[in-house]
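My entries follow in the order in which I checked things.

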Amino acid sequence: MKSPIYLTADIRRIEQAAGNVTPPLMQRAGSAAAELAARIIPETSKDILVLAGPGNNGGDARIAAELLKQKFFRVTIAEKDIPAQKEWGLVIDGLFGIGLARPIEGDYAKLVEYANRQACPVLALDVPSGIQSDSGRVLGCAVRASHTITFIALKPGLLTLDGPDHCGEVTVADLGLDLHALLPPSAWIAEPGLFKGMLERRPRNFHKGMAGSLAVVGGAAGMTGAALLAGRAALRLGAGRVYVGLLEENAPAVDLLAPELMLRHPDDVFGEDLDAMVVGPGLGRGERAETLVGAALASDTPCVLDADALNLIAENTDLRKACVRRKTETLLTPHPAEAARLLGSTVAAVQEDRVKAARLLAENLNAHTLLKGNGSIVVARDGHWFINTSGNPGMASAGMGDVLAGMLGALLAQRYSGETALVLGVHLHGAAADALAKDGNGPVGLTAGELIDASRRIWNAWLKS
């Protein structure tokens, strides 16, 4: 099932387009909130604290409070003053919703702190108070909810940056609206179901040439492991042939952990008949590396650009122009610092609005773009975008990006489109980390190499489903 995402401005357009529906949207929201509240409050308690702010979010909360009273719950409404301490069964956060534009301060900040001290479940309405609905930033302070019921559709701030650490379990109440009729979506949660028709098993009559040839270029002095990780990941995600061009002068002639990889001098891999390239893992930023990035950008081969390839594009106007001119598939995979360099900005500015930064990169560089981080943002060349919700903190370790680059290269080599490869590859990468963590192999201590076989298992399961 596709899960659409809407920016705050688009939610406002949907509300306006819906007009004066019966019952009104606020009544529907309050009713949905009351129903969920009644389900999640422990059976041993009847005491509910409702924090009701001054705007529409507070209006939703007050309606929910009245409906819960009709269900014989003991409801206390707090608007500014902290109520007398008692053992609540549930706290409903209706202080601020998607309209919040400035930090929470004063009495409202005290109510947020009060809610965060409670041991009971906390249900946030629309978004946890203090979370900016488009970016996931904390505005001053924010409620840490165990549950969030969001109205009409998902908002990006629930899914990226600090949002996932504050929203808990998210439920969407569409309020009975036909979103596709009111405003068709242009963003979705990244998931394999989006590309169900493209995930087909291989026919029995198949040979390695049909799985494509990939070159990985990188592995400068002290960083050969990065290129080898990318190559191993590509092999195990199904690329038919994988060449690894290593810049290190004393590079190994064979990878003993993956002897199937064909290790070459970087110049030699450009002479092969390639279906895709990965340029950047362990590449370095010297003159030789710059030349190799230029050669890749000048080719007609679908290409993943990662790590130092991105830094070189940020530093060199000619490389940037070459990227923009490319007609074939181009995938960029920056983390926030690399994105900041590409945008001539700062990490803080990128993180302040991750969706905006990723969309700007895709537009400026004419490429499918991934902005890594909690709730990675994927933007297709044509402008529509996705947020990936798989993955965990164990992925904050060396080599994870190299493995992802190799996986993406493998999918490009197997003739998946750039958009499909990026969305599926990013989600698969996170899903593999989640599977390992579930089995006790993380999140702490999870290593990049462990993701390779886990990704292969999940990919084959997707192809069978």
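The model is predicted, so local features need pLDDT of at least 70, side-chain atom pairs count only at pLDDT 80 or more, and totals for chains, interfaces and linings use all residues. Residues are numbered from 1 along each chain as its sequence is written, and side-chain values use heavy atoms, with hydrogens and water left out.

Entry 1, strand β8. I took helices (H or I, at least four residues) and strands (E, at least two) as DSSP runs, numbered from the N terminus. Strand β8 covers residues 213-218, and six of its six residues are buried. I looked up which way they point: Ser 213, Ala 215 and Val 217 go one way, and Leu 214, Val 216 and Gly 218 go the other. In a regular strand the side chains alternate between the two faces of the sheet.

Entry 2, partners of β8. Two strands pair if DSSP finds at least two bridges between them. I found six bridges from β8 to β9 (residues 241-246), and these strands run parallel. Ser 213 stands opposite Arg 241 in β9. I also found β8 paired in the parallel sense with β11 (residues 276-279) over four bridges, where Val 217 stands opposite Val 279.

I read the order of the open sheet of ten strands as β7-β16-β15-β14-β13-β12-β11-β8-β9-β10, with mixed pairing. The edge strands, β7 (187-189) and β10 (262-264), each pair on one side only. I noted an average twist of 15° from one strand to the next, with axes as lines fitted to C-alpha atoms (for helices over the stretch in contact) and angles from 0 to 180 degrees between N-to-C directions.

I found three bridges joining β12 (residues 303-305) to β13 (residues 330-332), in parallel. Val 304 stands opposite Leu 331 in β13.

I located Lys 372 in the loop between β14 (368-371) and β15 (377-379). Is Lys 372 buried or exposed? Its relative accessible area is 17%, so Lys 372 counts as buried. Its side chain makes a polar contact with the side chain of Asp 306 at 3.4 Å. For that term I used a pair of N or O atoms within 3.5 Å; within protein, one must be able to donate a hydrogen and the other to accept it, and residues adjacent in sequence count only if both atoms are side-chain atoms.

Conventions: Buried < 20%, exposed > 50% of the residue type's maximum accessible area, 1.4 Å probe, protein only.
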